[in-house]
Amino acid sequence: MVFLGNDWDSIIGEEFKKEYYLKIRSFLKSEYSSHKIFPSMYDIFNALKYTSYSGTKVAILGQDPYHEEGQAHGLSFSVKKGVKIPPSLVNIYKELNRDIGMDIPTHGELTTWATQGVLLLNATLTVRQGMANSHQNIGWSIFTDEIIKKLNDAPQPIVFILWGANARSKKKYITNKHHLIIESAHPSPLSAHNGFNGSRPFSRANEFLVKNGIEPINWNSVNE
C-alpha cells in the first residue's frame, strides 16, 4: 500500500483500504500500462510526502496535474527545473511580483514552498497525456475531500488558497473558524483578470500566519 513517510500515514492511511480507493488503484494499473499518465506513479502523492499534516501552514488547491510530457511531478502548479513555466504559474509569479515585490523566477519548481509547509494539492491526482480532467471522475475527489476535511480539523490555523471553481467547491469542507480562506478566480490566462490579479494572496497569507504566531512562508525561496 501507499507509504507517505510522515503523519499523513496515520491521518489518512485508512483511505487506502477503502473500496473507492481500491477501484482507483485498479483503474490506474490499467491506465499506466496502456496510456501515458502523469505524473509518474512514484510522484502521485508528492504533495503529502513533502508537506506533513502537522506542518501544513498554507494549502494551495489546484485542479488536476499538467498533462504534457515532463511537467507534472505531484505538486499543484509546479514543474521541475528546466521545464517551460506554464501560463498559470507565470501569472502566479506576476502576482507575487505585484504583491510582495518578488523577482520573477526563471524556473517553475515549487518544492521549497512545499518543504516550508505549503501543501500544493490538486483535486485530481492523475491525468492522461493531452487530456485535461481525464481522471476527474475516477474517485480522486473523494480522497482529496477527505484531506481537506482532515485539515479543517487541524488544531493549527491554516490558510486555504482556493483559485477557480474547482478549488472553491472544497470551501464547504472548511468550517473551522480559526482557518483563513482566500479565494479568487483561477490564475489561468483565461480567468486571471476576473479577480486573481491584484488579490494579494501571498502577503495576506503571511499576515495571517504572523498574527497567529506561525512563521511566515518565504515565497522568495524559489529564487534562492
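## Salt bridges

In this predicted model, the side chains of Glu19 and Lys23 meet in a salt bridge, with an N to O distance of 3.6 Å. Both residues sit in helix α2 (residues 19-34), four residues apart, which is about one turn of the helix. Glu19 and Lys23 are both exposed. The background is simple: side chains of opposite charge can pair when their charged atoms come close. In total, the structure holds twelve salt bridges.

Another of these bridges joins Glu69 to Lys36, whose closest N and O atoms are 3.8 Å apart. Here the pair links distant parts of the chain: Glu69 belongs to the loop between β2 and α4 (87-100), Lys36 to the loop between α2 and β1 (37-38), and the two are 33 residues apart. Lys36 has a relative accessibility of 41%, so it counts as partly exposed.

Lys171 and Glu183 also form a salt bridge, and their closest N and O atoms are 2.5 Å apart. This pair links distant parts of the chain as well, from the loop between α7 (164-168) and β6, where Lys171 lies, to strand β6 itself, which holds Glu183, twelve residues apart. Lys171 is partly exposed because its relative accessibility is 36%, and Glu183 is partly exposed with a relative accessible area of 28%. Elsewhere, salt bridges with shared partners join Asp99, Arg200 and Glu207 into one network.

## The parallel sheet

Now to the strands. Four of them make up an open sheet with parallel pairing, in the order β3-β2-β5-β6. At the edges are β3 (118-122) and β6 (180-184), each of which pairs on one side only. On average, neighbouring strands of this sheet are turned by 15 degrees against each other, direction ignored.

Looking at one pairing in detail, strand β2 (residues 58-62) and β3 are joined in the parallel sense over five bridges. Ala59 stands opposite Leu119 in β3. Helix α6 (residues 140-152) lies across β2, β3 and β5 (159-163), and runs at about 155 degrees to β3.

## Aromatic pairs

There are 15 aromatic pairs in the structure. One of them brings together Tyr21 and Phe143: the ring centres are 6.3 Å apart and the planes are at 40 degrees, so the pair is tilted. Because Tyr21 lies in helix α2 and Phe143 in helix α6, this pair ties together parts that are 122 residues apart in sequence. Tyr21 and Phe143 are both buried.

Phe45 and Trp140 form an edge-to-face pair, with 5.9 Å from centre to centre and 70 degrees between the planes. This one also links distant parts of the chain, with Phe45 in the loop between β1 and α3 (46-50) and Trp140 in helix α6, 95 residues apart. Phe45 is buried at a relative accessible area of 8%, and Trp140 is buried at 0%.

## The nonpolar core

In soluble globular proteins, nonpolar side chains tend to be buried together. In this model, the largest nonpolar core has 66 residues. Which residues have the most contacts inside this core? They are Phe45, Val58, Trp113, Trp140, Phe143, Leu151 and Trp219.

Leaving aside residues up to four places away in sequence, Phe143 touches Ile12, Glu15, Phe16, Tyr20, Phe45, Leu48 and Leu125.

Technical notes. Residues numbered from 1 in each chain as written. Predicted model: local features only at pLDDT ≥ 70, side-chain atom pairs only at ≥ 80, totals over all residues. Heavy atoms only, no water. Pairing = 2+ DSSP bridges. Axes fitted to C-alpha atoms, helices over the stretch in contact; angles between N-to-C directions. Contact = heavy atoms within 4.5 Å. Core = buried A, V, L, I, M, F, W, Y, C linked by side-chain atoms within 4.5 Å. Buried < 20%, exposed > 50% of the residue type's maximum accessible area, 1.4 Å probe, protein only. Salt bridge = Lys/Arg side-chain N within 4 Å of Asp/Glu carboxyl O. Phe/Tyr/Trp six-rings, centres within 6.5 Å; stacked < 30°, edge-to-face > 60°.
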